[in-house]
Amino acid sequence: MRGLMQDWPMRVHRFIDHAALYHRGARIVSRTVEGGIHHTNYAEIRTRALKLTGALSRRGVKAGDRIATLAWNTHRHVEAWYGIAGAGAIYHTLNPRLFPNQIAWITNHGGAKMLMFDTCFMPILEQVAPLLKHVETYVALCDAAHLPKVKLPGKLIAYEDLIAGKEGRWAEMHENDACGLCYTSGTTGDPKGVLYSHRSNTLHALLAGQTPGLGMGASDVHLPVVPMFHANGWGIPFIAPMAGASLIMPGPKLDGASLYELMESERVTATAGVPTVWLGLLQYLEANKLEFHYLKRVVIGGAAVPRAMIEAFEDRGIAVTHAWGMTEMSPSGSMSAIKPPLDELPRPRQIDALCKQGYPLFGVEMKITDDKGRERARDGNSVGRLKVKGPAVARGYYRSVGGDAFDREGWFDTGDVASLDAEGFMRITDRSKDVIKSGGEWISTIEIENLAVGHPDVAEAAAIGVPHPKWGERPLLIVVAKPGTKPTQDALLVHLQGKIAKWWLPDAVVLVDEIPHTAAGKILKTQLRRQFADFRLDR
């Protein structure tokens, strides 16, 4: 017997409909590309998104058409997402931190016919546009007065002119219809497209909006530092209006000074971003002897969070949630927060738990297996390949590439090596391609890196395996020193001693001026391995 409940299709425009009607007091504040601060609200965002929907329909945009966006976090980008999805089309985010040829490849693979862009990316677009095969219309996210005077191989129009007409209506669509397309960073091989549906985005917002999770409420003032072009914007453009939280959009300025100014002036209570951003912000606070007056919570994901970073925020009375997820997971997977019986432990032991990637959110199933697919024990010691499934997890890549990551039972192999303990906490020890294999045993680069960053003179650290005639590979620690310091190899090794197994200690330490990062802010191990391919160990 089936239940007698209403059929209520899950479509993402319902988030903005809800916020416009029930959360009129929430603020949407943007630092614009032009430099000023723009104030609006959810009702106005909805009206303008409906105008975009109408404009797209009048221009012949059909269900399933891809519309690319090359833009920072601003009110116009949020409007674009809702207007595009509301028209039955698919928002297709492009990462401006990629090389121009990569941006062109992703745009062509996605098949976008229209491209919306922030004017600050005009130099990138001038290089990319001649390589684009399908784009017919370019929309500058500005008014006519700021429209770039440039010739592109297609029609160029100002966003404000585009939406100057009448409001449209949300298109009729099935909840399983696609509405978003985001590509992985492609550190190994070509980037892979993840095609989100209205249903998956809605369910992701419900599960990632939990506590633990982004855990927003109507009294929150949230500043998403994570760009909307990174891993589906962590779902924040959907979660915030669902909860009625105010949104403070930082635009193009993500340096420590600019973020601190916006956080203080707009009384931000919660924020989310990757560790590299928080590293710059904390260094700015320390250098200028500043403190936060309103910030209560920081969600940190995208890479493992060093213990020293958690302690730096916690010492300021700011709660840290260590998050883990992937583009393929929409992206939330697990959140590290203190739960019973851990709440009875001394604070240092609690921070030990926070350094892990946390326990799965409802809606995420998780297991670890050996290379033959056999499930390993959840004892906190056994490690294996981390696999996940759930309603917001991809079941394949766009245009059927990379299908070997998904098995017949629906499990997605994340490429991470991890352990699970009896309390449900997952700890990533490495990416399967980054783990150091020494004498047949695995060494976690993440654990070495996080401990190294705890040294007072270390700004950033990376560990890689380098060839060794006896052991196959041994760890090399690569370090960026804090300004005005020069930590020695001996001092760093002494700092690590006793905190990890003796045979995990790096065989050498190298000081560098800079460590390369991916477009998503993660350490680019592939480049480091190429850079140090000929390194010879002298210990």
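# Worked exercises: sheets, cavities and ring pairs

In strand 9, Val-194 is the bridge partner of Cys-182. The model is predicted: local features need pLDDT of at least 70, side-chain atom pairs count only at pLDDT 80 or more, and totals for chains, interfaces and linings use all residues. Residues are numbered from 1 along each chain as its sequence is written, and side-chain values use heavy atoms, with hydrogens and water left out.

**Exercise 1. Work out the open sheet of nine strands.**

Step 1. The order is 2-1-11-10-12-13-14-15-16, and the pairing is mixed.

Step 2. Strand 2 (37-40) and strand 16 (359-360) stand at the edges. Each has a single partner strand, so one side of each is left without a neighbour in the sheet.

Step 3. Strand 1 (residues 28-31) pairs with strand 2 in the antiparallel sense, over four bridges. Arg-31 stands opposite Ile-37 in strand 2. The two strands, strand 1 and strand 2, form a hairpin with five residues between them. In the turn, Gly-35 has a positive phi of about 120 degrees.

Step 4. Strand 10 (residues 221-224) and strand 12 (residues 270-273) pair in the parallel sense over three bridges. His-222 has Ala-270 as its bridge partner in strand 12.

Step 5. Helix 11 (residues 307-314) packs on this sheet, touching strand 13 (297-300) and strand 14 (319-325). The direction of helix 11 makes about 145 degrees with that of strand 14.

**Exercise 2. Which residues line the largest cavity, and which line the second largest cavity?**

Step 1. Set the rule. On a 1 Å grid over the protein atoms alone, a cavity is a set of points where a 1.4 Å probe fits but cannot get out; lining residues have an atom within 4 Å of a point. Grid points are joined across faces, edges and corners, and a volume is the space filled by probe spheres set on the points.

Step 2. Count. There are two cavities of 30 Å³ or more.

Step 3. Take the largest cavity. It holds about 60 Å³ of space. Its lining is Thr-32, Val-33, Glu-34, Thr-74, His-75, Arg-76, Asp-118 and Leu-141.

Step 4. Sort by class. Ala, Val, Leu, Ile, Met, Phe, Trp, Tyr, Cys and Pro count as nonpolar, Asp, Glu, Lys and Arg as charged, and the others, Gly among them, as polar. The largest cavity then has two nonpolar, three polar and three charged lining residues.

Step 5. Take the second largest cavity, with about 30 Å³ of space. It is lined by Asn-73, Pro-224, Val-226, Met-228, Gly-233, Ile-236, Pro-237, Leu-247 and Met-249. Helix 8 (236-243) and strand 11 (246-249) are the elements that give two or more residues to this lining. By class, the lining has seven nonpolar, two polar and no charged residues.

**Exercise 3. Classify the ring pair of Tyr-82 and Phe-238.**

Step 1. Rings of Phe, Tyr and Trp (its six-membered ring) pair if their centres lie within 6.5 Å; planes under 30 degrees apart are stacked, over 60 edge-to-face and the rest tilted.

Step 2. The count is 15 aromatic pairs. For Tyr-82 and Phe-238, the centres are 5.8 Å apart and the planes make 90 degrees, which is edge-to-face.

Step 3. Tyr-82 lies in helix 3 (residues 75-86) and Phe-238 in helix 8, so the pair ties together parts 156 residues apart in sequence.

Terms used
On a 1 Å grid over the protein atoms alone, a cavity is a set of points where a 1.4 Å probe fits but cannot get out, and a pocket is an open set with protein on both sides within 12 Å along at least five of seven lines; lining residues have an atom within 4 Å of a point. Two strands pair if DSSP finds at least two bridges between them. Contact means heavy atoms within 4.5 Å. Axes are lines fitted to C-alpha atoms, for helices over the stretch in contact, and angles run from 0 to 180 degrees between N-to-C directions.
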